[in-house]
Amino acid sequence: MNLNLDPVQLTQTLVRINTINAGNTPADESHCTRYLAQLLEPYGFHCTLTELTPGRASLIARIGDSDKGLPLAFTGHVDVVPLGDAPWTQAPFGGDIVDGKLYGRGSSDMKGGVAAFVCAAIACSPQLAGTAGVTLIITAGEETGCEGAFHMAEQPGLLQPAGALLVAGPSYNNPLVGHKGALWLKAKATGITAHGSMPQHGDNAVYKIAKAALALQAFTFDCPPHPQMGSPTLNVGLIKGGLNVNSVPDAAELTIDIRSVAGQSHAQIQETLQTLLGNDIKLEIMIDLPPVYTPPESPWVQRVMALGGTTQTPGTVTYFTDAAALLAPLGNPPTLILGPGETHLAHQTDEYCQVAKIEKACELYQRMILDWCQP
């Protein structure tokens, strides 16, 4: 068997599989995950596919001996966001390489990273027998709130503790020690409808939601900036209400996007906002993803930095990852985000990933695996 699979070619294969996840038209990630399972199994990986919904399978692949210690875990998702309205100059599912750049939706976010750690694990597979080994967690439905990862976490016994977790998210191959949390809330107001010419007989829900929006605009978090993550943020992203111009609206709502920092409690944030907005507003949770953070001085973080020849203090990112859903069932191991993708190109038109960075990521992942799994 060929142990030296080309991560660039595998990235091309994965990019050429359309896994757009638009929420109302979910992706068909099974084409990717079943292909990867069939690729991994001949090299001694025990593969388990679990369906989020029909046609939307996540994959967990294990190799090694659990009696020898906790494995090193890798995770990445294979769903991608829609293409957008702007025309692409390169085929979005072509996987074409132009001037050292591999183009296609998902190339940076994050099929390049998935391909790199799959190829790295296969290359190391003959040396993993009798060691703690590795666990590969490849998910569906990350782009719409880590649905696949949460689904896996809910399956009893599917996810076992790991000693460390590497998220192959776009980071230019620079280690990142965490990301902000995401708490998305829907604020609802109700009223009483009436004819627009007799508003005194109604109770206008739009006025209530408008007052809520202004209160949220003035809201400030009662916490100091985090050393790496900075300050938490709040944004009102959508507001709607009413049916027509000549009726008093009896329902209105807005959405709140909160990006929290390590040390904040989402339950406490929600309670504080509910007190601020009062009884006229009902808050509902849309997405609840806690922040992820590992101190830069963590021994494993320092070890990975040494393996990669990095001396700069690692930072954090604002986007969320599946680590938010996976950490608890994995035993809350130290976590890094490190992948070949171009962070600024995630979700962009003409998304690409540099071929050299995919190759470098695969090499670094191999060093990490062999360092972790020393007999």
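Let's start with a pairing: strand E11 and strand E13 (residues 251-260) run antiparallel to each other over 8 bridges, where two strands count as paired if DSSP finds at least two bridges between them. This is a predicted model, in which local features need pLDDT of at least 70 and side-chain atom pairs count only at pLDDT 80 or more, while totals for chains, interfaces and linings use all residues. Residues are numbered from 1 along each chain as its sequence is written, and side-chain values use heavy atoms, with hydrogens and water left out. Helices (H or I, at least four residues) and strands (E, at least two) are DSSP runs numbered from the N terminus.

**The sheet**

- E11 and E13 belong to an open sheet of 4 strands with antiparallel pairing, in the order E11-E13-E9-E14.
- Strand E11 (233-241) and strand E14 (281-289) are the edges; each has a single partner strand, so one side of each is left without a neighbour in the sheet.
- From one strand to the next, the twist averages 20°.
- Thr233 has Arg259 in E13 as its bridge partner.

**Helices on the sheet**

- Helix H5 (residues 205-217) lies across strand E9 (181-190), E11, E13 and E14, and runs at about 15° to E13.
- Helix H6 (residues 266-277) also packs on the sheet, touching E9, E11, E13 and E14, and its direction makes about 160° with that of E14.
- Axes here are lines fitted to C-alpha atoms, for helices over the stretch in contact (heavy atoms within 4.5 Å), and angles run from 0 to 180 degrees between N-to-C directions.

**Helix H2**

- In helix H2 (residues 30-40), Ser30, Cys32, Thr33, Leu36, Ala37, Leu39 and Leu40 are buried, meaning under 20% relative accessible area with a 1.4 Å probe, protein chains only.
- Those buried residues pack against helix H1 (7-15), strand E1 (46-53), E2, helix H3 (107-124) and E6.

**Pockets**

- A pocket is an open set of points on a 1 Å grid over the protein atoms alone, where a 1.4 Å probe fits, with protein on both sides within 12 Å along at least five of seven lines; lining residues have an atom within 4 Å of a point.
- The largest pocket has a volume of about 290 Å³, the space filled by probe spheres set on the points.
- Of its 17 lining residues, Asp109, Glu143, Tyr319, Phe320 and His347 lie nearest the centre of the largest pocket.
- The second largest pocket holds about 240 Å³, and Arg62, Ser66, Pro71, Ala132 and Thr135 lie nearest its centre among 17 lining residues.
- Strand E2 (56-63) and strand E6 (134-139) are the elements giving two or more residues to the lining of the second largest pocket, with the largest share, 3 residues, coming from E2.

Notes
Buried means under 20% relative accessible area, exposed over 50%, partly exposed in between (1.4 Å probe, protein chains only).
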